[in-house]
Amino acid sequence: MKVFLLMGPPGAGKGTQARKLVEKYHWTHIATGDLLREEIRLGTSRGQAVQALVESGKLVPDELMIELVESRLTDGGTYLLDGFPRTLGQAQALEELLTRKGAQLTGVLFLEVPEAELIQRLLRRSHAEGRADDTPHTIQTRLQEYRAKTAPLLSYYEERGILYRVPGLGDVEEIGNQIAKIVETLLSSP
Ligand code: AMP
């Protein structure tokens, strides 16, 4: 079992790059934001429980997220986690879960984008896609959540020697090529 993480602040391009990776390598894609939006759309009990948080840009409680991911990380194959973990608690739970399965993280791909660019991208996306959490106020909340709870994960993974930073500015294809280069190296090492 191999597990890659795709990390970055909201608007960094995780979704776009994740789709390219999954198409190229046929990995199993676990995008927690997409999963939550789908549950909200279907009106499941979990969807109802998280709707207000997701739509206001707040993070959903760790226990719920861990449960969501654990049920999808069945053995074998290669997984791309996109948007998870987002807190130290989630990162620790993931590490324990993988250890129980005799696996470990293969690599953490981190898309770096300056905040001014993130805000512009998210505002553009709000016009193009109409996501309920892409309003100016909610964008600020998401960036605050990111700074306070998710950014500390960078040093967590850096200490473990598995963090790979990729500049997320510029041509989408070029960014994809840089990510692919890192992935190929990681896949070919034992
Ligand atoms: P995303 O599509 O990844 O930007 O996620 C959209 C929203 O879903 C986030 O703003 C959170 O409300 C929620 N969410 C997604 N993944 C997580 C996670 N790992 N932990 C907590 N909340 C999450």
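## Burial and overall dimensions

Of the 190 residues in the protein, 46% are buried, where buried means under 20% relative accessible area, exposed means over 50%, and partly exposed covers the range in between, with a 1.4 Å probe and protein chains only. This is a predicted model, in which local features need pLDDT of at least 70 and side-chain atom pairs count only at pLDDT 80 or more, while totals for chains, interfaces and linings use all residues. Residues are numbered from 1 along each chain as its sequence is written, and side-chain values use heavy atoms, with hydrogens and water left out.

The radius of gyration of the protein is 16 Å, which agrees with the value near 16 Å that a compact globule of 190 residues would have; the radius is taken over C-alpha atoms, and the globule rule is 2.2 Å times the number of residues to the power 0.38. Taken along the principal axes, the box filled by the C-alpha atoms is roughly 45 × 40 × 30 Å. The accessible surface comes to about 9,600 Å², and 51% of this area belongs to carbon and sulfur atoms, with areas computed by the Shrake-Rupley method with a 1.4 Å probe and, for residues, only the protein chains shown counted as cover.

## Secondary structure and contacts

The protein has nine helices and five strands, which from the N terminus on run β-α-β-α-α-α-β-α-β-α-α-α-β-α. Helices (H or I, at least four residues) and strands (E, at least two) are DSSP runs, numbered from the N terminus. Among contacts between residues at least 6 apart in sequence, 75% join residues at least 24 apart, a contact being heavy atoms within 4.5 Å.

## The largest pocket

The largest pocket holds about 1,100 Å³ of space, and of the 48 residues that line this pocket, the closest to its centre are Gly11, Lys14, Arg125, Arg131 and Arg142. On a 1 Å grid over the protein atoms alone, a pocket is an open set of points with protein on both sides within 12 Å along at least five of seven lines, a cavity is a set of points where a 1.4 Å probe fits but cannot get out, and lining residues have an atom within 4 Å of a point. Grid points are joined across faces, edges and corners, and a volume is the space filled by probe spheres set on the points.

Several elements each supply at least two residues of the lining of the largest pocket, among them strand 1 (2-7), helix 1 (14-25), helix 6 (115-129) and helix 7 (136-150). By class, this lining has 18 nonpolar, 15 polar and 15 charged residues, where Ala, Val, Leu, Ile, Met, Phe, Trp, Tyr, Cys and Pro count as nonpolar, Asp, Glu, Lys and Arg as charged, and the others, Gly among them, as polar.

## The second largest pocket

The second largest pocket has a volume of about 330 Å³, and of the 15 residues that line this pocket, Ala103, Gln104, Leu105, Thr106 and Ile162 are the closest to its centre. Helix 5 and strand 4 (105-112) each supply at least two residues of its lining, and the largest share, three residues, comes from helix 5. The lining divides into eight nonpolar, four polar and three charged residues.

## The cavity

The count comes to one cavity of 30 Å³ or more, and about 40 Å³ of space lies in the largest cavity. Its lining consists of Ile66, Val69, Glu70, Phe84, Ala93, Leu94 and Leu97, which divide into six nonpolar, no polar and one charged. Helix 4 (62-70) and helix 5 (88-100) each supply at least two residues of this lining.

Val69, one of the lining residues, is 38 residues from Ala31 in sequence and 9.2 Å from Ala31 in space, C-alpha to C-alpha. Ala31 lies in strand 2 and is buried, with a relative accessible area of 9%. Glu67 is also found in helix 4, but Glu67 is partly exposed, with a relative accessible area of 47%; Glu67 and Arg46 are 21 residues apart in sequence and 11 Å apart in space, C-alpha to C-alpha.

## Backbone geometry

Most residues other than glycine have a negative phi, and most peptide bonds are trans. The peptide bond from Phe84 to Pro85 is cis, with omega near 0 degrees, and Pro85 lies in the loop between strand 3 (78-82) and helix 5. Phi of His26 is near 55 degrees, a positive value in a residue other than glycine. His26 lies in the loop between helix 1 and strand 2 and is exposed, with a relative accessible area of 68%.
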